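Please work through each task before reading its solution.

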Amino acid sequence: MKKIGIALMGLGTVGGGTYRILTANKDYIRKVQGVDLEIMHILERDMTKVEALGVDPAIVSTDVANIVNNKDIKIVAEFFGGIEPARSFLIAVLKAGKSVVTANKELVAKHWSDLEAAAKEGGAGLYFEASCMGGVPVIRTLTEGMQGNHVQSIMGIFNGTTNYILTKMADEGLEYADVLKEAQRLGYAEANPSADVDGFDSMYKLSILSSLCFHKRVPIDKIYREGISKISKQDIEFGKQFGFTLKLLAIGKLVDGKIEARVHPAFVPDEHPLAGVKGSFNACFIVGDNVGDIMLYGRGAGDLPTGSAIVSDIVYCAKQTEHRYCPFDNSAAGVRDEDFAANFESEYYVRMTVADKSGVLAKIAGVFAKYGVSINSLQQTAEDGKASLLFMIHKTGENNLNQAIAEINSLNEVVAVDAVIRVM
Ligand code: HSE
């Protein structure tokens, strides 16, 4: 059986998990998959990680040339994350004819076409199953399991950190800042949590997945993005009373032939399967025109779950006789403004604090009417000369709603528009 040399760039959480899976399952993969994978080189500067995993230090260095110049290394798995040096290193190994397997969603979302051009030049493959939803095989589902469909929409919880925070806020009645602090203490959230809580991580994943769904490049600048840092426990509580669960959703869909792509908090009806996805789990709801609804669920992060997707890509790559490339133009030149929706429609939950005086409600209703925004229901509570108004708004265009909210915010009688949350 042909031996296939593997190199790992980095031995952090996912790199370590991948090393453990590859070594523990070496014989099993040989027997069941018919490929003999041998780890030949590892790039890592932290020797404590090398020792902790029992790696032979003779195969460890910090010099990418040791991979580029080794003819027996055929597949390189990258775990550095971020753009540089990952981008330069991967372009060098791809041009040298070594296939790349990566979990690096930011790199693929931003530099997919550069990486693919280098892969074509070297006759190598580029695989990134682990970049989206960790261990959940969503990319293989889209590319190998849905060929008989036009995908109409993808909607997912792609970020475990934010789902953990929102679940804890809902289940324990806690405020965002307190849960975030605890999540950081426990190591579930990064010291700088912006990539997760501001929706960047979900946006990168949505860029990759919606491009694969709609066979057109969906660059990150075409994705609306809003994070969870302004969510209050009060809104989560009100949502519960209406039968909704709050989630950070990533949504890609075709509306009248145009792509709509957005990441934002949304109230999901409790009976929808995504509402039941709790804690740090990820899930994804895909609709194909022939298959109908598909839902995938699982761990979107972690050493072994993400390592599972990396190993799956390594085995898949090792078995290819010819690498397949992206079937559409995934470069900036392939992006046409007219393929993307400029406005989108949604139902809304709007909460505001106003002066408890005669005529205030009529004024606010007048502004909504001026912009064609129709109120579905209203709840009011008043105390100490102030009233809290909670509107549920019928489906309306985002632009109209925003104009109405801006004008309402400028009224003297309005203390604040406290929350505007989309309802799915
Ligand atoms: N930070 C991500 C999450 C995992 O919380 O889901 C990697 O994308």
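**Exercise 1.** At which residues does UniProt place the feature "domain: ACT"?

Solution. The model is predicted, so local features need pLDDT of at least 70 and side-chain atom pairs count only at pLDDT 80 or more, while totals for chains, interfaces and linings use all residues. Residues are numbered from 1 along each chain as its sequence is written, and side-chain values use heavy atoms, without hydrogens and water. The unreviewed UniProt entry places "domain: ACT" at residues 349–422. In the model, this span is 31% helix and 50% strand, and its end C-alpha atoms lie 6 Å apart.

**Exercise 2.** Describe the polar contacts (pairs of N or O atoms within 3.5 Å) of the ligand.

Solution. Step 1: at glycine 160, a polar backbone atom is 2.6 Å from a ligand oxygen. Step 2: for side-chain N or O atoms, the distance to a ligand oxygen is 2.9 Å at aspartate 201 and 2.7 Å at lysine 205. Step 3: the ligand taken alone exposes 260 Å², of which the protein buries 81%; such areas come from the Shrake-Rupley method with a 1.4 Å probe.

Technical notes. Polar contact = N/O pair within 3.5 Å; in protein donor to acceptor, adjacent residues only side chain to side chain. UniProt positions renumbered as here; feature names shortened; annotations may be inferred. Helix = DSSP H or I, 4+ residues; strand = E, 2+ residues; numbered from the N terminus.
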